[in-house]
Each structure stands twice: as C-alpha cells, then as structure tokens.
Amino acid sequence: MNGIYLDYQSSKPVDPRVVEAMLPYFREKFGNPSSLHLEGDQATEVLENCREDIARFIHADKDEIIFTSGATESNNLALIGFALRNRNKGNHIVISEIEHISVHNIAKFLEKSGFEVSRIPVDQYGRISLQKLHDRITEKTILVSIGYASNEIGTIQLVSEIGKLCREKGIAFHSDAVAAEGLLPVDVTKDNLDLLTLSSNDIYGPKGLGILYVKEGTKLNTLMIGGGQERGLRSGTENIPAIVGMRKTVEIMQKEMDIEVKRFTQYRDELIRGVLETIPKCHLNGHPQHRLPNNAHFRFDGIEGESLLLSLKDKGISVSTGSACTSKTLEPSHTLIALGLLHEEAHGSLQLTCGRFSQPKDVEKVMEVLPGVVERLRKLSPIYR
Ligand code: PMP
C-alpha cells in the first residue's frame, strides 16, 4: 500500500499466504467436484476438507456449511429461503433498524411478498434491547435477523442472549457476522444460531465467496435452481480456488487472531483517545466499550464527512464516511439516523478501521493531519459556530 489505508471495513487485501495456497487450484488442480474422474475426485476431496476446516472455525458441523458467492447471497438465502420455506408457520420477521443494507432491502422484498417485518430500534450506542425484541415477537414470528456487530459504528450486539431468547420461543435466529468475523470469537453453538452469514473477503480471503451456516434441521428453499450442488441449496459449480483461500484465511485466523486483536485494540484506543482529546466538538459514534476492536467512528460538529474524507485523501490517507455499500447515495446513513442523530450530525461522520497491515505510524499520521484538516474545514463552514 502506498498511502495510509484505514478503511479495512470496506475492503481488505488478500493475504499473500492465501494467494499462494490458491494458485495451484487455478492451474494443475482445476477439477470440478461434480465430475467422476480422478480430477473430479481430487476436487471433491479438497472441497470437503475445506468445508470441515471452515466449519470447525465457527464450531459447526461440516454438513452445516453452504458455500455461496458472498455475504449478500448468504443473507438472501437465509432470509428469503427461510421465509418462503416456513411460511406455513407464520409470516412475521424481525430485524433491527441498523442492519446492513442487504438485509434491509431483503426485508423490503419480503414485505412486498406478503411478509410482515418489524424493525427494532437501537439505543444511542446502537444496541438492541432484549426487552424490545421480546415485545415485538408474536405468534406469527418465524425468524429474527440481527447483525453480530455493526459494519459502520462497530457496536457489538448481545448475540448469544438474543439467540437464547429466540430458542426459548422456537424462532429461528440468523446473524450476519461479516463485520465481526476474525475480530470476535463467533461460535454458532454458544451464540444459539440457526443461520449465520460469513464472507471470505472480510478475513483477508478472496472476494466472491461467502458461507451460510445452516443448523441441522433448519429448512430453507433454494434460490438458485441448477445442478443441485451444496445439498441442493446453492446450485452452481463450487469456486474451489476461493474455497481453498478461505480455508487458508481461517487457518491463519486460528493462529493469529488473539495477537492481531490486541494490536488493533491498541490502534483503535489511541485513535479514539487522540481524536477526542485534541479536536474540540468531536464525538464518538457507537458503543464506548462494546465495539469492534478495529473500529473508530467519529462525528465532527459543523463539517461534512465527505469533505473530511476528500481532504484526507489529498494527504494520502484513505478513510470512509460509513458503509461502502451505500457510499454513493446522498442519503445519510440509516444506522446513524437510528442512533437518533440529526441529518447534519450523521453527515459529519468519519469511520477509521485498521487491519492486518496497519502500523503504528498510520495512527501517528492521522493524529498529525486530522486536527488541522478539521480546523481548516470548520473555518470554511457556514454552519460551524
Ligand atoms: N453484510 C455486511 C455486514 C457487510 O459489511 C457487507 C459488505 N462487506 C455485506 C453484508 C455484503 O457483502 P458482499 O458485498 O461481499 O456480498
């Protein structure tokens, strides 16, 4: 990387060790697991070994892992696949107000298809209250989908408690854990999950590969009609190089996650302390304690996050104003609005996320540059007092 990259939430480079592990599967080991010859057998063997290793990472069984093309597809399969299959049991689904845009848009689609969706509000830090969730559950509720942690403000939810409540009520529980994977110990058993979305690119693997964990006995309709791969739930030739890559990322995570998380926490805390102490009229978005170890998210009175982002870009620092999936819309982030922020407050936000290749000098550089940039933009701002 040439400049300073602090937008690991939007995209991460593939770890060179992962690229190395994948290469033979583009060339000599190119078989299709559906073929019956030697190359096909070899591909089946590697596919099933990878499935087993990836399952172990989240404490699942091998047969509970479905490979997809990414988190968006996994969320579609989880929510739409579950809703359509279980319609006879009820037509009510619960999500939160701060779900990833893919879950929000899937929920809108389900509403058009005759389902009812409740969106539970969050507190000022982005946390869901168990009581509010409890109050929204009705006899018709079949599924609750709550993200493990926010990909924007980094707030971590009480996942295992939500799962426990769902289990007691006999309702399926899905979580999109893309923002949390590799940073928190996701465990489908302890977290009482029935469905879980993960993606390869969020743990330094290749883009274009996701998984959906489907607890044994959980019934889904398929959304992809074809050759019947992945237990009939996701037709299409398996992306073996990417699957091998994801297995490698998981192997690396198992060895390095604890040390890495300690390092990220240090960078995050230095950023939060530094920014709040040196820049006046600046606030932390998200939970002060229960937040992802690599996430610092601020808002600055009187300036636009976008101007900040562009000024930092000029100085060789890449940051974000929020989710990359919605960055091209003019609307303020639905997550920030759900926290109770005014539109102008939501527009004044900046997200910094560190990752595997971040270094102490990156934090130092931000602290050297950001106060001056904020001061200059405020001088130009007609709304800053
Ligand atoms: N869920 C979350 C929480 C995300 O942050 C993202 C984007 N990385 C997605 C789903 C969608 O992932 P993809 O675009 O890889 O399908």
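Reader: Hi! How many residues of domain 1 are in contact with domain 2?
Author: Hello! In this predicted model, 32 residues of domain 1 are in contact with 31 residues of domain 2.

Reader: What area do domain 1 and domain 2 bury between them?
Author: About 2,700 Å², with 59% of it on carbon and sulfur atoms. On the domain 1 side, Met257, Leu292 and Arg356 lose the most area to domain 2, and together they make up 21% of what that side buries.

Reader: How many salt bridges are there between domain 1 and domain 2?
Author: The count is 1 salt bridge. There is also a salt bridge to look up by name: the side chains of Arg17 and Glu256 meet at 2.8 Å, N to O.

Reader: New topic: rings! How many aromatic pairs are found in the whole structure?
Author: The search finds 4 aromatic pairs. One of them is Tyr204 with Phe357, an edge-to-face pair at 6.3 Å centre to centre and 85° between the planes.

Reader: Nice. Where in the chain do Tyr204 and Phe357 sit?
Author: Tyr204 is in the loop between strand E7 (195–199) and strand E8 (210–214). Phe357 is in the loop between strand E12 (349–353) and helix H11 (360–380). The pair links distant parts of the chain, 153 residues apart.

Reader: Is Tyr204 buried or exposed?
Author: Tyr204 is buried, because its relative accessible area of 3% is under the 20% cut-off. Phe357 is partly exposed, with a relative accessible area of 34%.

Reader: And what about Phe298 and Phe300, what kind of pair do they form?
Author: Theirs is a tilted pair, 6.1 Å centre to centre with 45° between the planes. Both Phe298 and Phe300 are buried.

Reader: Back to Tyr204. Which residues are in a cluster with Tyr204?
Author: Ring pairs link Tyr204 with Tyr5, Tyr8 and Phe357 into a cluster.

Reader: Which charged ends sit over the ring of Tyr204?
Author: Look for Lys12 and Arg356. The charged end of Lys12 is over the ring, 5.9 Å from its centre. The charged end of Arg356 is over that ring too, 4.2 Å from its centre.

Terms used
Residues are numbered from 1 along each chain as its sequence is written. This is a predicted model: local features need pLDDT of at least 70, side-chain atom pairs count only at pLDDT 80 or more; totals for chains, interfaces and linings use all residues. Side-chain values use heavy atoms; hydrogens and water are left out. Rings of Phe, Tyr and Trp (its six-membered ring) pair if their centres lie within 6.5 Å; planes under 30 degrees apart count as stacked, over 60 as edge-to-face and the rest as tilted. Helices (H or I, at least four residues) and strands (E, at least two) are DSSP runs, numbered from the N terminus. Buried means under 20% relative accessible area, exposed over 50%, partly exposed in between (1.4 Å probe, protein chains only). A charge sits over a ring if NZ of Lys or CZ of Arg is within 6 Å of the ring centre and within 35 degrees of the ring normal. Contact means heavy atoms within 4.5 Å. Buried area is the accessible area (1.4 Å probe) that two parts lose on being put together, summed over both. A salt bridge is a side-chain nitrogen of Lys or Arg within 4 Å of a carboxyl oxygen of Asp or Glu.
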